[in-house]
Amino acid sequence: MESMFWADQIAAQIIERAEREKNKHPNIKCQQTPSGSKHIGNLNDVVRCYFPYKALLEKGVQATFVHTTDDRDPLKDVPARLADLDGNWHDSTQLVDMKPYLGMPLCRIPDPFGCCSSWSQHFTTVWMNGVHALGMEPVLYSVNELYKQGKLDPYIALVFKKAATVGKIVAKFQQTKSETYIPFDAICPQCGSLTNIDGFDLMKKTVSFVCKGKSIKQKKTVGCGFRGEVPWSEGKLQWRFEWPALWGVFNTIYEPFGKDHAEGSWPAGQEIARQIFEIEPPIPYVYEFFLVNGEKMSASKGNVYIVQDMLKIVEPEVFMFFYTKRPGKQRDLDLKNIHLLVDQFEHAERVFYNIEEEKNAAEAANLKRSYEMSWDTPKKMPLRVPYQFAAYIAQVAKS
């Protein structure tokens, strides 16, 4: 009987697409920008890849699970709180002043904690520590390194060669831009900031520019006025073009994304992929963001949580279980009643090991599959201390 679990259905689509396109290796991809301590809502990108990837491996399909870190993106703002490598939060105003680095690539600005080679390395490490703690092991790629290695050169060349078509796509999806706009930024060798270019040379593989700063989050950085040229390896495609270019680099067959991209970047990305890069866009999967305690996560409200925070109160498999459920609908992670999530997980566990019966056959199958996806299931049901009892003992021990 065909599984109705959402990740199994995506896996079936991936297999069908790979067979149809003949010899296409099933590469599935996710990505994150290490702009700070990325929260558990951002984890959707990774988990929505991991579950179909796991389903593919179960079917004997040799798939690749790719995770890019967008470390050449500019620093757009400084979050109010930042996490150290141990996952502990700190007031960013008590660290190094990072405002002078706004508009510079994340890979080329210092780590505010002084323990890593750059901002991006620090927060990529914090992020991947959380991903690994949940049992997920994607192959990590630095986008900065991809530029340095020339992996994006063929796509940069196509953007320049098809400048007229590129301009029409830009003007169609970005009303503030004209058809002469070139969606590529150079890294100024004098001040280190990203700035838009005004020309390119296909033979020399260089771009020319005047450093005028760049608009980021309704603000504009101040350029230094430097005039010159740099190689393509010292620049970057802007997001709407870089995203589909990475589909081409990794031969991406499936990629999930949030509904914010579904309404903006995805429609543009499809046109760019087909008209500019001459590739077919990956199978999409649009997920809904979730609430925490009934509210959106916000640094100003202090309700932003990373994986390391969650693993202080629940086990990894319980937290992963949360992501198996209804990814297309908005859900609320109620931390005040986290024991209810644990109860749901443990009920699924007992159903999986046939200790309890679920009368609805479809629901029983879904619970078993959700439990199975959450971790590497042991042969025998684990012995667990009731969560509420353990929480009570912990409170007594502290007092």
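In which sense do strand 6 (residues 184-187) and strand 7 pair, and over how many bridges? Select the two and you will find an antiparallel pairing over three bridges. Helices (H or I, at least four residues) and strands (E, at least two) are DSSP runs, numbered from the N terminus, and two strands pair if DSSP finds at least two bridges between them.

Before moving on, some notes on the model. This is a predicted model, where local features need pLDDT of at least 70 and side-chain atom pairs count only at pLDDT 80 or more, while totals for chains, interfaces and linings use all residues. Residues are numbered from 1 along each chain as its sequence is written, and side-chain values use heavy atoms, with hydrogens and water left out.

**Stop 1**

Now widen the selection to the open sheet of three strands, with the order 7-6-13 and antiparallel pairing. Strand 7 (194-196) and strand 13 (235-237) stand at its edges, each with a single partner strand, so one side of each has no neighbour in the sheet. On average, neighbouring strands here are turned by 30° against each other, direction ignored; axes are lines fitted to C-alpha atoms, for helices over the stretch in contact, and angles run from 0 to 180 degrees between N-to-C directions.

**Stop 2: Gln 238**

Next, select Gln 238, in the loop between strand 13 and helix 7 (239-250). With 12% relative accessibility, Gln 238 counts as buried (buried means under 20% relative accessible area, exposed over 50%, partly exposed in between, with a 1.4 Å probe and protein chains only). Show side chains to see the polar contact of 3.0 Å between Gln 238 and Asp 185. Such a contact is a pair of N or O atoms within 3.5 Å; within protein, one must be able to donate a hydrogen and the other to accept it, and residues adjacent in sequence count only if both atoms are side-chain atoms. Leaving aside neighbours within four places in sequence, Gln 238 is also in contact (heavy atoms within 4.5 Å) with residues including Tyr 181, Phe 184, Asn 196 and Lys 214.

**Stop 3**

Move to the open sheet of five strands, ordered 5-2-1-14-15 with parallel pairing. Strand 5 (139-142) and strand 15 are at the edges, each with a single partner strand. Neighbouring strands of this sheet are turned by 25° against each other on average, direction ignored. Strand 2 (residues 64-69) runs parallel to strand 5 and is joined to strand 5 by four bridges; look for Val 66, whose bridge partner is Val 139.

**Stop 4: two loop residues**

Glu 278 is exposed, with a relative accessible area of 60%. Then go to Asn 293, in the loop between strand 16 (291-292) and helix 10 (307-310). Asn 293 also has a positive phi of about 55°, and is partly exposed at 28%.

**Stop 5: a helix pair**

Finish with helix 12 (residues 338-352) and helix 13 (residues 361-374), whose axes are 8 Å apart at an angle of about 105°.
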